[in-house]
Amino acid sequence: NHFVREDRVHLPTSDTTIAAISTPPGAGGIGIIRISGRQSLSILQKLFKPKDSGCSFASHRLYYGHIHRPEDGKILDEVLAVYMAAPHTYTREDVVEIHCHGSFLVLDTVLELLLANGATLAGPGEFTKRAFLNGRLDLTQAEAVIDILAAKTRKGIDLAQEQLSGGLYRQIDPIRQSLVRMRALVEVAIDFPDEDVEIVDRQLLTEQLLMECGGPLKRLVSNADRGRVYREGVAIVIAGLPNVGKSSLLNAILQEDRALVTAIPGTTRDSIEEIIDIFGIPVRIIDTAGIRDNACEVEVLGIQRARDLINKADLVVLLLDGSRPVSAGDIQLYEQIRHKPVLPVLNKIDICGKNIPDLSSLSGIGHCVPISAKKQSGIEELKKALFAAITSGSEQWEEGGCAPNFRHKQALLAALDSYERILVSLQVGLTNDLIAIDLQE
């Protein structure tokens, strides 16, 4: 069982007791130091003087007192301390937490005292590593911890929490169990080749592979691609000729005056970036310099940077001026960026009204989203169009789904490769020992 077991069992515990500051750097009301290992309680008892002299250090109870230096009794901080007995802890080892005042100097001083009295400084991620080694978490759950810390949107946190609760494990384990049963049957056939009864029904084995392995593995790989978008986000570049309203559009999406807006063409000389949440997807949206010929030297540098950003973008918003016909500059810019996914947006509809310019000269441009950045109309429709373009119009996975990361995806693709080899082996009649090797893979 990969979840927490209630009874004490023999676990691969370490003799080293580790300690580290668990709260982020900076000043705050509270800062927490965590200790994990066999000496956790004894170290705490050396340094912590509880207010109640009859303190029994019962598990999972907070005690008020002071941290002092054993050699001279000097008080270092007023704290709350809690001892948590194994196995009912994050690492499944004895754990102590000391809740100090959130000054870095105080925390650093208390940590140095802990290290001087038997603790070892924890390495990056070592508490979670111990939780994994001690059976508290499986590897997919351990990886979900960093996903929670790095999440940029509520949806990203939800996906990481689903994985932390074992969502990916629950989907992979039935596939693995099915493969184990198939391999056992094939290896029985290898051990008893002279039996009159055909032990392996190859047609049935093929059907089981298709239903119990191929389909689920492909769904997981598909979810990995969508999960990457929610986990890592995408980059969207706003491109267009000078004075079409790119900076006004950025301000309208952000609902703040982030970029300078003037009637003078070429105001934006450099790129401006902000992170926004579009229906749970972290989007890095970038306003760029207007692309045109005959620009000054500084503007040329901005235009070159704009072109570089367009080439790196996941999606390009081509902003067009709805108050005038499509120009040769618009056509030229579109031809330069159409190798990327492009979402055309028609700005200044408050000026053009129903007299929308003819876009037929932009071959294959697709549906154009009408907006007025100045009046902030059509912005919600634009966000919906951006979401559809980012996700390619695909539906979100069902509740209880999961989002495998890049490492998971590579392992799943390797499994699919072996799966395809098994199907071929079954079709051409290769021997059971070769099939068993691919089942093991």
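**Reading the labels**

Analyst: Leu-434 has its place in helix α14, where a helix is a DSSP run (H or I, at least four residues), a strand is also one (E, at least two), and both are numbered from the N terminus. This is a predicted model, with residues numbered from 1 along each chain as its sequence is written. Local features need pLDDT of at least 70, side-chain atom pairs count only at pLDDT 80 or more, totals for chains, interfaces and linings use all residues, and side-chain values use heavy atoms, with hydrogens and water left out.

User: Why does Leu-434 count as partly exposed?

Analyst: Its relative accessibility is 40%. Buried means under 20% relative accessible area, exposed means over 50%, and partly exposed is what lies in between (1.4 Å probe, protein chains only). So at 40%, Leu-434 counts as partly exposed.

User: What makes the pair of Phe-279 and Phe-387 edge-to-face?

Analyst: Rings of Phe, Tyr and Trp (its six-membered ring) pair if their centres lie within 6.5 Å; planes under 30 degrees apart count as stacked, over 60 as edge-to-face and the rest as tilted. Here the centres are 5.6 Å apart and the planes sit at 80°, so Phe-279 and Phe-387 are an edge-to-face pair. Phe-279 lies in the loop between β9 (272–278) and β10 (281–287) while Phe-387 is in helix α12 (residues 379–390), so the pair ties together parts that are 108 residues apart in sequence.

User: Is Phe-387 buried or exposed?

Analyst: Phe-387 counts as buried, because its relative accessibility is 16%. Phe-279, at 41% relative accessible area, is partly exposed.

User: How many aromatic pairs does the rule give?

Analyst: The count comes to 3. One of them is Phe-48 with Phe-57, edge-to-face at 6.2 Å centre to centre and 65° between the planes. Phe-48 and Phe-57 are both buried, and together with Tyr-63 they form one aromatic cluster.
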